[in-house]
Amino acid sequence: MLAATPPMGFNTWNTFGGEINEQTIREVADALVGEGLKDLGYEYLVIDDCWAERERGSDGLMVPSREKFPGGMKALAEYVHSKGLKFGMYSCAGTLTCAKYPGSYDNEEIDAKTFASWDVDFLKYDFCNVPEGAHGRDLYAKMGEALRSSGREILFSLCEWGTNKPWEWGAGVGGHMWRTTGDISDSWKSIEHIGFSQSGHAKYAGPGHWNDPDMLVVGMYSKGNVASGGCTDTEYRTHFGLWCLLAAPLMIGCDPRNMTDETGAILKNEELIAVNQDALGRQGFRASREGKLEVLKKPLEHGSLAVGLFNRGDESARMTARWEDLGLEGDAAAKVRDLWAHEELGEFKGSFEAEVESHGSAIVRVTPV
Ligand code: GLA
């Protein structure tokens, strides 16, 4: 099954925007391998918008930019594959992409075949410039069908921003993930706005089909295409931990060629990745909320829970995760493990407390004993 667990990888948009070319993609592929990210599961290298010539060729096919990708996409795919990675590309359900390159409207079949002929493994499919009256679901169904008939297994990533509730029909049109929101930017405000509004979609996620609250901004520090003030490392940790609990696709948005140690430590946290990739495939959801203090829980296989205590407030706070809110018996004993410190905290009964800094998080695994 494709996307049996949330897809992981890298996408060019957040850092590079339109400033992409084959040399950069090769270097990113090298960095994903060299940094050990590939071995942790970050396997899809996805080229977002701005890869094409502005006009289709005389045969009606899309043409990769001759300036940015002189060697063509098939050769680039071959390089990416030779590194053990998978190769992703981007198109749009409208007549033009968001950056006004050719879209696939009315060309779904030939474009799907083109992507298949380039050995593409993943297609992100956007929603700009859709003709009036066309319904998102129909356009995505058309591309879904075209991909299935393309002769190649291609993961279908719907980028419809939640406009027509894609969580209700995304899986039905062959989607493996669907954006639930507008675009993320590199700011705490954006992370908070998106990340804490996802609980209601939890029931629609599962193996093979995931809600996508957009790509990671971890480690961007206000550089690149979606800069918006940047975040602190504490905020990036909260962002990553929250996305892991939400069973969100983990698409790196910073430049993997130049990560700080702290960024590497966040993106490579194996215990959090394991929570994200847990085989049960449950999306986490809110267990309790008191003002700006929120507790989320994500059921894991073998009866454990991943629990996040999130402090959205401006001051450090003493936070409590109560067993009754987690769905555990009040007097049950459970082992608690800190997934940031990689440390057993001991056995607790009834509740677990932690001091959580402003915009920070404590993320633990709770295992009834
Ligand atoms: C939309 C999408 C983004 C990105 C850009 C590219 O805004 O939501 O993720 O793909 O288009 O133009």
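Predicted model: local features only at pLDDT ≥ 70, side-chain atom pairs only at ≥ 80, totals over all residues.
Reader: How do you know that the radius of gyration of the protein chain agrees with that of a compact globule?

Author: For 369 residues, a compact globule would have a radius of gyration near 21 Å, and the protein chain has 21 Å, so the two agree. The C-alpha atoms fill a box of roughly 70 × 40 × 35 Å along the principal axes. The chain carries eleven helices and 18 strands, and buried residues make up 57% of the 369 residues.

Reader: What share of the contacts joins residues at least 24 apart in sequence?

Author: Among contacts between residues at least 6 apart in sequence, 70% join residues at least 24 apart. As for the surface, the accessible area comes to about 14400 Å², of which 46% belongs to carbon and sulfur atoms. The chain has 37 positive and 56 negative side chains, with the centres of the two sets lying 2 Å apart.

Reader: Why is Lys142 called partly exposed?

Author: The relative accessible area of Lys142 is 43%, and the class of partly exposed residues lies between the cut-off for buried, under 20%, and the cut-off for exposed, over 50%, so Lys142 is partly exposed. Lys142 is found in helix H5, residues 136-148, and, leaving aside its neighbours within four places in sequence, is in contact with Asp106 and Glu108. Glu324, by contrast, is 182 residues from Lys142 in sequence and 46 Å away in space, C-alpha to C-alpha.

Reader: What makes helix H7 largely enclosed by the rest of the structure?

Author: Six of the eight residues of H7, which spans residues 188-195, are buried, so the helix is largely enclosed by the rest of the structure. The buried residues are Trp188, Ser190, Ile191, Glu192, Ile194 and Gly195. Strand S7 (186-187) and helix H8 (233-245) are included in what covers them.

Reader: Why does His359 count as buried?

Author: Buried means under 20% relative accessible area, and His359 has 13%, so His359 counts as buried. His359 is found in the loop between strand S17 (351-356) and strand S18 (361-368). Not counting residues up to four places away in sequence, His359 touches Trp188, Thr234, Glu235, Thr238, Asn311, Arg312, Gly313 and Asp314. One of these contacts, Trp188, is also among the buried residues of H7.

Reader: What makes strand S12 mostly covered?

Author: Six of the seven residues of S12, residues 293-299, are buried. S12 pairs with strand S11 (residues 285-290) through five bridges and with strand S13 (residues 305-311) through seven bridges, running antiparallel to S11 and antiparallel to S13. Val295 of S12 stands opposite Ser288, and Val295 also stands opposite Leu309 in S13.

Reader: Which residues take a positive phi in the hairpins that S12 forms with S11 and with S13?

Author: In the hairpin of S11 and S12, with two residues between the strands, Gly291 has a positive phi near 60°. In the hairpin of S12 and S13, with five residues between the strands, His302 has a positive phi near 65°.

Reader: How do you know that strands S15 and S16 are paired?

Author: Two strands pair if there are at least two bridges between them, and six bridges join S15 (residues 333-338) to S16 (residues 343-349), so the two are paired, running antiparallel. Ala334 has Phe348 in S16 as its bridge partner. Four residues lie between the strands of this hairpin, where His342 takes a positive phi near 55°.

Reader: What makes the phi values of Lys165 and Asp214 worth a remark?

Author: Most residues other than glycine have a negative phi. Phi of Lys165 is near 50°, a positive value in a residue other than glycine, and phi of Asp214 is likewise positive, near 90°. Lys165 lies in the loop between strand S5 (155-158) and helix H6 (166-169), whereas Asp214 lies in the loop between strand S8 (210-212) and strand S9 (227-230).

Reader: Are Lys165 and Asp214 buried, exposed or partly exposed?

Author: The relative accessible area of Lys165 is 44%, so Lys165 is partly exposed. Asp214 has a relative accessible area of 3%, which is under the 20% cut-off, so Asp214 is buried.

Definitions and conventions
Residues numbered from 1 in each chain as written. Heavy atoms only, no water. Rg over C-alpha atoms; globule rule 2.2 N^0.38 Å. Buried < 20%, exposed > 50% of the residue type's maximum accessible area, 1.4 Å probe, protein only. Contact = heavy atoms within 4.5 Å. Areas by Shrake-Rupley, 256 points an atom, 1.4 Å probe, with all protein chains shown as cover. Lys, Arg positive; Asp, Glu negative; His and termini not counted. Charge placed at Lys NZ, Arg CZ, Asp CG, Glu CD.
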